[in-house]
Amino acid sequence: VQLQASGGGLVQAGGSLRLSCELSGRIRSIAAMGWYRQAPGKERELVAIITRDGGTNYAESVKGRFTISRDNAGNTVFLQMNSLKPEDTAYYYCNADFMHYGRSSPSIRWGQGTLVTVSS
């Protein structure tokens with residue numbers, strides 16, 4: 001099973017970026033996928049999450065600016081980030097909570113971080 005993230009980069013304040021994350025492999029079901037971020041010197045924090053039934057949850061700091069969504073297959077999630085601010089600068093990590101074929105307990109997988117830099 002692999003979790004591949006992409007889409008980071010450098011953008012000016014007020015700009016937009018879209019992150020993508022694909023979960024691939026022998027997956028039986030996905031309970032939730034989400035995005036976390038970690039800025040230098042800070043702890044990793046939840047940015048947004050989307051559950052199997054389509055429910056979403058956002059950090060207060062990104063509400064109204066970021067939108068999490070997924071494709072029809074449900075194994076790729078997107079994070080549309082608008083009105084970016086310098087304080088959004090961080091490594092963004094994709095996370096998946098899923099059931100693997102042949103296993104009876106859920107698995108958690110982290111993708112590699114993708115750097116988002118917002119210049120003022």
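Predicted model: local features only at pLDDT ≥ 70, side-chain atom pairs only at ≥ 80, totals over all residues.
1. Residues are numbered from 1 along each chain as its sequence is written, and side-chain values use heavy atoms, with hydrogens and water left out.

2. Helices (H or I, at least four residues) and strands (E, at least two) are DSSP runs, numbered from the N terminus. R44 is placed in the loop between β4 and β5 (45-51). Contact means heavy atoms within 4.5 Å. With neighbours within four places in sequence set aside, R44 is in contact with Y36, R37, Q38, Y93 and W110. From R44 to S61 the C-alpha separation is 14 Å, and the two are 17 residues apart in sequence.

3. Y36, one of the contacts of R44, belongs to strand β4. Y36 counts as partly exposed, at 21% relative accessibility. Residues up to four places away in sequence not being counted, Y36 touches R44, E45, L46, V47, Y91, Y92, Y93, N95 and W110. The C-alpha atoms of Y36 and N95 are separated by 7.4 Å, although these residues are 59 residues apart along the chain.

4. Which cysteines form the disulfide? A disulfide is a covalent bond between the sulfur atoms of two cysteines; the criterion applied is a pair of cysteine sulfur atoms within 2.5 Å. The structure holds 1 disulfide, and its partners are C21 and C94, with sulfur atoms 2.0 Å apart. Because C21 lies in strand β3 (residues 17-24) and C94 in strand β9, the pair ties together parts that are 73 residues apart in sequence. The link of C21 and C94 is left-handed, with -95° about the S-S bond. C21 and C94 are both buried.

5. Salt bridges form the next topic. A salt bridge is a side-chain nitrogen of Lys or Arg within 4 Å of a carboxyl oxygen of Asp or Glu. A search of the whole structure finds 4 salt bridges. In one of them, the side chains of R37 and D88 meet at 3.0 Å, N to O. That pair links distant parts of the chain, 51 residues apart: R37 is in strand β4 (residues 27-38) and D88 in the loop between β8 and β9. Both R37 and D88 are buried.

6. D88 also meets R65 in a salt bridge, at 2.7 Å, N to O. Here too the partners come from distant parts of the chain, 23 residues apart, with R65 in the loop between β6 (56-58) and β7 (66-70). R65 is buried, as is D88. R37, E45, R65 and D88 are linked in a network of salt bridges.

7. The pocket analysis uses a 1 Å grid over the protein atoms alone: a pocket is an open set of points where a 1.4 Å probe fits, with protein on both sides within 12 Å along at least five of seven lines, and lining residues have an atom within 4 Å of a point. The largest pocket has a volume of about 190 Å³, a volume being the space filled by probe spheres set on the points, which are joined across faces, edges and corners. Its lining consists of R37, Q38, A39, K42, E43, E45, S61, R65, K85, E87, D88 and T89. By class, this lining has 1 nonpolar, 3 polar and 8 charged residues, where Ala, Val, Leu, Ile, Met, Phe, Trp, Tyr, Cys and Pro count as nonpolar, Asp, Glu, Lys and Arg as charged, and the others, Gly among them, as polar.

8. S83 has a positive phi of about 50° although it is not a glycine. S83 is found in the loop between β8 (76-81) and β9 (90-100) and is partly exposed, with a relative accessible area of 41%. S69 lies in strand β7 and is partly exposed at 29%. Not counting residues up to four places away in sequence, S69 touches I50, T76, V77 and F78.

Note on methods. Buried < 20%, exposed > 50% of the residue type's maximum accessible area, 1.4 Å probe, protein only.
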